[in-house]
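Keep it open beside you as you read.

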Amino acid sequence: MSLWVDKHRPRSLDKLVVHSRQAKQLKKLVSAGDCPHLLFYGPSGAGKKTLCLATLRELFGPGAEKLKTEQKTWQIQLPTRKIEVELATVSSNYHLELSPSEAGRRDVHVVQEVIKEMAKTKSSNAMFQEQSNMFGAAKGQQGSQEKKKGEAPKSVKCTYKVLLINEVDRLTSHAQHALRRTMEKYSKQCRLVMTCTNLSKVIDPVQSRCVCVRVKAPKQGEMKSLVAQVAEKERLTLPETLAERIAEGSNRSMRRALLMLETCKINRYPFEENQEIQLPEWELFIKEIAQSILKEQTPKSLFQVREMLYKLLVNCVPADLIFAKLAQELMCKLDDELKYEIVKMAATFEHRLRLGTKPIIHLEAFVAKFMSSYKEWSIRIFG
Amino acid sequence: MDDLDDMLDMEAEMELEEQMDLLGELEEEEKSGKGTSPKRRKVGGGEAAPASLGMTQELEQLVGQSVDPETERAELTENELQELAATQGDDNPSDEDCEEEEESFLPVRYLYQTEGRDHVSVTLEGGKRVYCTVNGEQREKKQVAGRKRKGKTGGFLAVPVRQLIEQVERKRVQKIIQESENLSKSVDGADLSQAKRADVAGEKLLVSKYAPRRFIELLSDEQTNREVVRWLKLWDHYVFGKEQVKPAKPKREEAGSFLSKNEWLKTGNDKKKSSRAGNAYTNEALDKDGRPSQKVLLFCGPPGFGKTTLAHIAAKQCGYRTVEVNASDDRNAGALNKKIMDAMQMQSMKDGRPTCLVIDEIDGAMGGSDGKGAINMLVQLINAKRSDASTAAGVVEGEGSSRRKGKGKKADILTRPVICICNDLYANALRPLRDVARIFHFKKPDSRKISARLRRICQLEKIEAEGNALGILSQKSDGDIRSCLNTLEFLQRQQQKLSMSSLHAMGIGAKDKVDNVFHVMESVFNTNSKLGEADGGPSTSVPRASFEAKGGASKKRQRVTQFYQKLMNFGETDLLLTSCFENLSNVKYQDINLVKTSQAAEWFVFADEMSKGISDLNDFSLNKFRVAAPIALNTLASAPGRPQLTWAKVDGNARYQHRVQESVLHSWMSNLQPAAKSGMNTTTAVLDVIPHLCKSLVPRGLRPVAPELMRAKERVTLKRIVDHLVSYGLSLKMNKQGGDSDGNFRMSRTSYSLQPEIDKFHRYEGLPSNEIYMNSAVKQIITYEQETRKIRSKREAGVKESLEDKVKSKPKDSASKKSGGEERKKHHEHWLSKMRTAVENKQELRRMGGKKGGTICREVAYPMLYTYHEGVTNAVKRRVVLKELV
């Protein structure tokens, strides 16, 4: 038993509600038992991972759902020293899932090492197939097996393992370049299925080696029907308006929508139409920051804002998200004249953050610049 | 023809004889220092041989010039020749060989060229070795012939030999006079006269040339100097005392048992023989062996303060010969041990002085395992103690390295003073040594003393120095005498004089030193920060650029350049930038529209981009652009007066906390169940999942009653909470401070937080706190449920695992079963045994089930079937007859 997000995640491509078109295409793609490298991209909570896992299941049968977590350690011999990289992985007999971006700047080694390792060890399926090819008796076996399995008649055909890489866009460019060679070299034994939110941060060579699948955020209507569906499965009566509000507040992220629904249910059930939808704390905090920015534009308040920003960063809120949210919050309360400017500012500084190292410096530069132009504007208007 | 030959020979012989005499004379005159006299004396040729050989060459040159074709013969007066002949007659036989050498005139380079005749080998001045043949009979003939002829002919030379000789003589005299003049000049330089002579001998760096040679010449702190000597004197009793230990007889030395420092400090109160050190401190009392209680000195201080010099001079003053071990030597434990042993057991053959070991740069190259070993060895040696004579010899307790040399019979103890020198006292490797050594911190020598010494040296070296330039130089170098002298030397070589402008503009003498970050920051944030001040120290009279706008553009440029230089010299740009970033709020500068602040912030952004470039590309040349940010800050956000600056720690703290949070997150996520884990990544976990998860754990409407008595709704809530706790690997932990302070109505409730502390992620100041409040009874219920759930799941997992182990072996069997004939034979034994075990296992399972009752049996039996269906293998199901396989 887990959160509804995980509980109601569709397991097979057939059961997908939201991206049913993509699901159909994917099903066709892998129906031959082979699959190219895949790259799913789309915003958070759009269903990339669900698609991935369903595709894997389509390829390998229910065996791909027998997962285990493992804390893997790779010992990597560099020319000068030996380093150890530890990563948490989720794996089944057929695939291995990992987020190399968690290794930070060492992700290059992880990418190279893990793929080589996978290429070295054949999947049990491949072994099985080889053996069954060897002997004529295998045919009958296979037939009987197919009957028993029913769902995954093609599973035997896959002689490769699948490496599932999360957040490819967060890999350093070194790692991405490392990927591009290994992708080709070991493509016989190992296929890559990758997910990312921002396709433009994935280098072109990697993109061109993959079939890129766009997983867009579901539309408002879809969200609403999804929420309603889950509520139905949980045997809840969900008022129409609340469903709408949840769909709205979720920012078109299915994960958030379902989590919100669950929190709502915990807070009050039976639902009320005008029930409060709780936002995550970090969003509230950013709202507060925006308020204090607009309230006073002095160096003193700037340094107070700095403290608050530090807090957000400490709690692992990504800086680019802070930029986006903060700009959004500020924009709600701004004159049209400034709206254009603030978007430009936020974009500029977010870009510069990419080129820099310390988020706080860039965030503060953004806030300072905004404060300065806001003050100038307010003096001009109100005198 | 023969005649002619003879004659030539004769002539040459005579000449050479003449020269030899003369030169011998000169030599003696030189030695006696009397000056020269034209009077010729008879000197043993043999004595003068080495010197005359050198002179011969000189003469040869002269002769070569004057000798013309044979027809042109110079006339030697008869008298002269007679005299020559007379001197010749007196020659004693021992001289003959030498004469012969010269006589043969053309010494041959190789032995075979002597054609087997008698020869004498001679090493010339340049180290060349030549062979001169000897022919006695011929010589006699020639002598006769020469006497016959002396009336008839003069010589072959254009200039008579005597004149030539006189020429040489005159030259020689002049040289000597000049030298003596030089000497008398340099004698004025009193104590440094030695140095001057050294200069004559060969080129020497000023540093070594003018290194202090006597105790009173030392520039380092008086107090330190004296105490060092006093410490060395403490050794006198042991090293030079009546009952002087003779290291040459080490057999007498008894095995020393290891005693800790404290112990021998206690026992070291035996002061009966410490009268020599009567005025010494009490803690400098000698130990039982009569050695000082602290057996090693450790000098520490920045380079150029005169540590090494002091060590050498103090040792010399106290009558020791110094043996230096520095970074250029091999310094592992074994090598150092050998050095120390050598130093302790040997005495200089020349003057019989005992040795004092100086281990220089002990911190630098002593790093690494080798260095550590060496230092440990040293410490062991220091702590080793000669035990009383009564104790049994040959017992050493665990002193492997110190025992190594003594065949296990004796323990080496430190019998000679050892002085260690380091720059960084707190280097890791030195830790053991710090505890046992007497430490001297070297202070900066008085800059006036330094500049006085520099002036003296400038006088002697004839380096022109402008008035106060030397003072500035000594200040600039921050007490580093070595760097001062090197700067002077540089100028001397460049044929330049030391002037203010050169000092200032060239940046010479500026030492690469660690500046205080506060100092630099102050100059950044202070409008009035003057660059002359920043560079040369406050008391210098450098012509400062005034920045009050009247200077114009060039002044400003100069100012910026100097400031830039200073910032570059500071080196730690990272630290400077963070410090400036954090201290910007402390500066009170005028800024109405926040324009300046935002510009300053953008400069920080720029610097940060450069930092990224540096770290990514390893291109440190980008550092020069980073420095631009503080310069811009100075123009944007500086204020008059001294700002309140604080040490930058906010950023560091934040980064540390961030790391902590990250590690919490990672450890939590890595232990998640796979289904939950693959559904999120770290970002989504923080942003979406954790806040909601934490909210879902609030036990709303849960009464503290037994689960059996709960309403259906409550049971659902309880189940949900426990489910979430278990499936996300969380547990509740009571907060220490509790929620009591929150309000009276919550008195009965306690706040709980999660373990791992993922609830921290959604806790922000100023927002309603999200701690989970609940009655302790409710908590108990939840924990109880959680525990039972855990136990249950563990048991299930255990059963499953054990079954899986058993099933695991089967896929192979199935594979081999299906394999063809050859394969089959190969694996015959292998799979057969496995089959047997599989069957046995099965039987065992069945038996167990029968014994323990139906339920377990079923539980066991089910997963078995399940694994089978999983499709891993279908081997079990097939009936196999043994016949089929064999």
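Q: Which share of the contacts in chain B with a separation of 6 or more comes from residues 24 or more positions apart?
A: This is a predicted model, in which local features need pLDDT of at least 70, side-chain atom pairs count only at pLDDT 80 or more, and totals for chains, interfaces and linings use all residues. Residues are numbered from 1 along each chain as its sequence is written, while chains are lettered from A and ligands numbered from 1 in the order in which they are written. Two residues are in contact if their C-beta atoms, placed from the backbone, lie within 7 Å. In chain B, among contacts with a separation of 6 or more, the share from residues 24 or more positions apart is 72%.

Q: What is the corresponding percentage in chain A, for residues at least 24 apart?
A: Take the contacts in chain A between residues at least 6 apart in sequence. Those that join residues at least 24 apart make up 73%.

Q: How many helices and strands does chain B have?
A: Helices (H or I, at least four residues) and strands (E, at least two) are DSSP runs, numbered from the N terminus. Chain A has 16 helices and seven strands. The secondary structure of chain B comes to 36 helices and 10 strands.

Q: What percentage of the residues of chain A count as buried?
A: A residue is buried if 20 or more other C-beta atoms lie within 10 Å of its own, exposed if 12 or fewer, and partly exposed in between; C-beta atoms are placed from the backbone. In chain B, buried residues make up 32% of the 886 residues. Of the 383 residues of chain A, the buried part is 46%.

Q: Which helices of chain A pack against the buried residues of α14(A)?
A: Helix α14 of chain A has 14 residues and reaches 20 Å from its first C-alpha to its last. Its buried residues include A:Ile322, A:Phe323 and A:Leu330. They pack against α12, α13, α15 and α16 of chain A.

Q: Which residue just after α19(B) takes a positive phi?
A: Helix α19 of chain B runs over residues 481-493. Buried residues in α19(B) include B:Cys484, B:Leu488 and B:Leu491, and the buried residues pack against α8, α17 and α18 of chain B. Just after the helix, a positive phi of about 60 degrees is taken by B:Gln495.

Q: How many residues of chain A are in contact with chain B?
A: Look where the chains meet. On the side of chain B, 64 residues are in contact with chain A. On the side of chain A, the number is 69.

Q: Which residues of chain A does B:Phe604 touch?
A: Leave out residues up to four places away in sequence. Within chain B, B:Phe604 touches B:Leu577, B:Phe581 and B:Ala629. In chain A, B:Phe604 touches A:Ile361 and A:Ala365.

Q: Is B:Val436 buried or partly exposed?
A: B:Val436 is found in helix α16 of chain B. Its C-alpha atom is separated by 6.5 Å from that of B:Gln294, 142 residues apart along the chain. With 17 other C-beta atoms within 10 Å, B:Val436 is partly exposed.

Notes
The expected span of a helix is 1.5 Å times one less than its number of residues.
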